[in-house]
Amino acid sequence: MTAIPISKISEILTAYEKDILEDWVKEQLSAITLRRDLLSEADLRRESLEFLKLLTQALERGNPQDLATAEWTPVRDFLSALSRSRALQNFSPSETATFIFSLKQPLFTRLNTATGKDANALLAEVWSATTLLDKLGLFTIESFVRSRNEVIKRQQLELLELSTPVVKLWEGILALPLIGTLDSARTQIVMENLLQGIVDTASEIAIIDITGVPAVDTLVAQHLLKTVTAARLMGAQVIISGIRPQIAQTMVHLGVAMGDVVTKASLADALSYAFKLMAITFTRKTT
Amino acid sequence: MNPTRSETFQLQTSDDVIRMRQMVRVWMVEMKFGLVDQTKMVTAASELARNALAYGGGGSVCMEALADDGRRGLRLVFEDQGPGIADLELALTDGYTTGGGLGLGLSGSKRLVNEFAIWSAVGEGTRVTIVRWTI
Ligand SMILES: Nc1ncnc2c1ncn2[C@@H]1O[C@H](COP(=O)(O)OP(=O)(O)O)[C@@H](O)[C@H]1O
Ligand SMILES: [Mg+2]
């Protein structure tokens, strides 16, 4: 069927707003997918009414075939915000999309009453309404998925920060034990943490321990070198420890030179070197 | 030479690069490559995958397990449909970079593997093939 102008939907939404709202809220409350534990009836009613108003306005002004236009911006923004808050509350995609799809029944019932006995007119109106609500439903699911992905990404980032603590080994000595695969985003974060740690603790020496890193490619090496340079500008010296034999060999073949950076086989070696630099000595107590 | 096993992976995000690196590692452990071989191949693969992503706008890698006269090999073919490389010799020069890198990805990965072949055509894309053998 070709594009049919939505003649009645906005009129009906205006004329029967209260009835449609009641039916729609009832529809949503009875849907088995509604999370009563997470969503109060009052909130649901408020959200539903707000959406009906925005939808009516958009239908009066805009083209229902093209939801990307400016007239539909308030509707899209509303649905994006709704999806985001549902995603944050751990709703499923179908629980979220029920918001839109459950509007079909109440709307179709009113369309039926309004078009009277004219079957063709009813068919046309229902078709337009279905097309519109399906589009809005899909938009809701898409924004839901986008929000979910953002949540997951943020959790990953938080995890990264947690798993790479900057530890103070001694007054003036920091250590950053790196563990796992260093991708660009993660390397960036841990290096920034280290530089911040140097400032916060006014440390003179920072030890980056890469014992737990399975491979050092040129991008990771470049990040390491940049961090060394930045730390130096801040008056601290960086020691890299824990370069395992297979990684050392690989770096040599790759051609990356760590320049004049001090490297030590283990964290313990690095620490004892740091003590020497700071002229800290220990003697065994004799009895 | 017919591969005994072959799989293709998409390289569209830096997460794909990490996953691919893990796959290379897993295959090489299964094929009983030593730790040094694994690390060299994973590092070379990482370089070429990052290039496909950074310069080629994303691409794919085909992983193939090879068997030849008692020795085992892993072949990786990186492909992208990006802008291609106009001067291969220059791109393979240590330190040459157009992306603010160290300029050691191509030349370095060549040194990390037993076989290295590169094909590129401006406006068509780039294909780099590397193989590492057990002996
Ligand atoms: N797949 C590719 N497509 C287009 N250009 C590439 C590709 N791979 C490498 N190059 C070019 O070759 C140069 C050298 O690459 P590489 O040795 O990996 O160093 P880097 O990545 O540090 O620049 C790149 O800067 C880029 O100009
Ligand atoms: Mg590179």
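I started with a helix pair in this predicted model. Helix α3 (residues 41–61) of chain A packs against helix α4 (residues 73–88) of chain A at an angle of about 155°, and I found their axes 9 Å apart. Angles over 145 degrees count as roughly antiparallel, so I noted α3(A) as roughly antiparallel to α4(A). I also checked the handedness, and the crossing of α3(A) and α4(A) is left-handed.

Next I listed who touches whom. From α3(A), the contact draws on L44(A), E47(A), E50(A), F51(A), L54(A), L55(A) and A58(A). Facing them from α4(A) are P74(A), V75(A), F78(A), L79(A), L82(A) and R86(A). Sorted by class, I get 10 nonpolar and three charged residues in this contact, with no polar ones.

Then I looked at chain A as a whole. I count 11 helices and five strands there. Chain A has 287 residues, and 43% of them count as buried. Of its contacts with a separation of 6 or more, 73% come from residues 24 or more positions apart. Its accessible surface is about 14,800 Å², with 57% belonging to carbon and sulfur atoms.

In what order do the elements of chain B run from the N terminus? I read them off as β-α-α-β-β-α-α-β-β. Buried residues are 47% of its 135 residues. Chain B exposes about 6,300 Å², and carbon and sulfur atoms supply 50% of that.

Conventions. Residues numbered from 1 in each chain as written. Chains lettered and ligands numbered in written order. Predicted model: local features only at pLDDT ≥ 70, side-chain atom pairs only at ≥ 80, totals over all residues. Heavy atoms only, no water. Helix = DSSP H or I, 4+ residues; strand = E, 2+ residues; numbered from the N terminus. Buried < 20%, exposed > 50% of the residue type's maximum accessible area, 1.4 Å probe, protein only. Contact = heavy atoms within 4.5 Å. Areas by Shrake-Rupley, 256 points an atom, 1.4 Å probe, with all protein chains shown as cover. Axes fitted to C-alpha atoms, helices over the stretch in contact; angles between N-to-C directions. Parallel < 35°, antiparallel > 145°, perpendicular 65-115°, else oblique. Left-handed = near helix turned anticlockwise from the far one by under 90°. Nonpolar A, V, L, I, M, F, W, Y, C, P; charged D, E, K, R; others polar.
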